[in-house]
Amino acid sequence: MTSMIAFLGCGEMNEAIMAGLLEAGTAPEDVVATVRRAERVPGLASRYPGVRFISSEEEPEGNRSACEGAAVVVLGVKPGDTVGLARAIGPSLRPDAVVVSVAAALPLAQLEAALPQGQPVIRSMPNTPLKLGRGVVSLSPGSTCSPAQLQQARAVFEGSGTVVEVPEEQIALVSAISGSGPAYAYYLAEAMAAAGEELGLDRELSELLAQETVAGAGLMLGEPGATATALRNAMTGPETITSRAIAVFDGRDVPGIIAEGARATVKRTAEITALLGETALD
Ligand SMILES: NC(=O)c1ccc[n+]([C@@H]2O[C@H](COP(=O)([O-])OP(=O)(O)OC[C@H]3O[C@@H](n4cnc5c(N)ncnc54)[C@H](OP(=O)(O)O)[C@@H]3O)[C@@H](O)[C@H]2O)c1
């Protein structure tokens, strides 16, 4: 039995997972990845030497051949394309191959129904910092996934981030925090850069200060034992300069606004799940 890992779709998310896996030491010869457009292959092949890349434009059966013999198959196409892809690859899957879906909002039940009966399936919610080895991914195994198969899927992510297991009902909540979360951090950096400019700094300098500060604070948070509260408290004692900013944020209930934003993503996930359910009935 091989330990081949197939990434079907190699866009923003699957490329990040694959890059983290390779960075963590998996042999590129054990990895195969597919894309739709042929024009993407040369760039990917030069960034990841040794990985086999197939475009479905050039090889219409490419997704199926990528799955042949693979122990883990990661579905990284858009949520609306995932069920169709699962149906197409079914006949080529090893019966014990674990199919991991990264598709936001697509329920396990729909995925299981699209695959051969009994095929082990895991629904995941990764985030893009996996690319740099600092991602977070949640895994929710389906009913036919054995502990050993779950471990195989964990191994795909463990070198590139923190792996947590949650029941499927909590995936939208995980998505609200860690799936969408990188965008919240970038938004903060954008707002800080705009504030610097408003105070009178040059735009370029202000962007540099904001970007390096958010990136550096992220590294501080990643130190063993660090917590956001302890790090912030250390800077915001009474009468400190920084405490004045936090008082303004508290006065405008910034934590409440962030919670409202997170709730809005949960609602959007439910909307997409409903739409995907309607498509599945067609
Ligand atoms: N981006 C995130 O932060 C994030 C976070 C959590 C979950 N997700 C999930 O990740 C999945 C992918 O999102 P994304 O942002 O990575 O999208 P994306 O950048 O558009 O990537 C989609 C990939 O699928 C490929 N593709 C489409 N049809 C294909 C086919 N028939 N055969 C082979 N490859 C095909 C595309 O090929 P081309 O490269 O040729 O276009 C592309 O590489 C979604 O289900 C999303 O819900 C994303």
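**Briefing: fold, domains and ligand shell**

Of the contacts in the protein chain with a separation of 6 or more, 65% join residues 24 or more positions apart. The structure is a predicted model. Its protein chain has 282 residues, of which 34% are buried, and holds twelve helices and eight strands.

Overall dimensions and domains

- The C-alpha trace of the protein chain extends over about 65 × 40 × 35 Å along its principal axes.
- Two stretches of the protein chain are listed in the domain assignment: domain 1 covers 5–167 and domain 2 covers 181–251.
- The centres of domain 1 and domain 2, taken over C-alpha atoms, lie 35 Å apart.

Shell around the ligand

- The ligand is surrounded by 27 residues, and the closest of these are G9, G11, M13, R37 and A104.
- By class, the shell around the ligand comprises eleven nonpolar, ten polar and six charged residues.
- At least two shell residues come from each of α1 (12–23), β2 (31–35) and α4.
- With three residues, α1 makes the greatest contribution to the shell around the ligand.

Helix α4

- Helix α4, which supplies at least two residues of the ligand shell, runs over residues 79–89.
- Buried positions in α4 are P79, T82, V83, L85, A86 and I89.

Conventions: Residues are numbered from 1 along each chain as its sequence is written. This is a predicted model: local features need pLDDT of at least 70, side-chain atom pairs count only at pLDDT 80 or more; totals for chains, interfaces and linings use all residues. A residue is buried if 20 or more other C-beta atoms lie within 10 Å of its own, exposed if 12 or fewer, and partly exposed in between; C-beta atoms are placed from the backbone. Helices (H or I, at least four residues) and strands (E, at least two) are DSSP runs, numbered from the N terminus. Domain bounds come from an automatic or database domain assignment. A residue is near a molecule or strand if its C-beta atom, placed from the backbone, lies within 6 Å of it. Ala, Val, Leu, Ile, Met, Phe, Trp, Tyr, Cys and Pro count as nonpolar, Asp, Glu, Lys and Arg as charged, and the others, Gly among them, as polar. Two residues are in contact if their C-beta atoms, placed from the backbone, lie within 7 Å.
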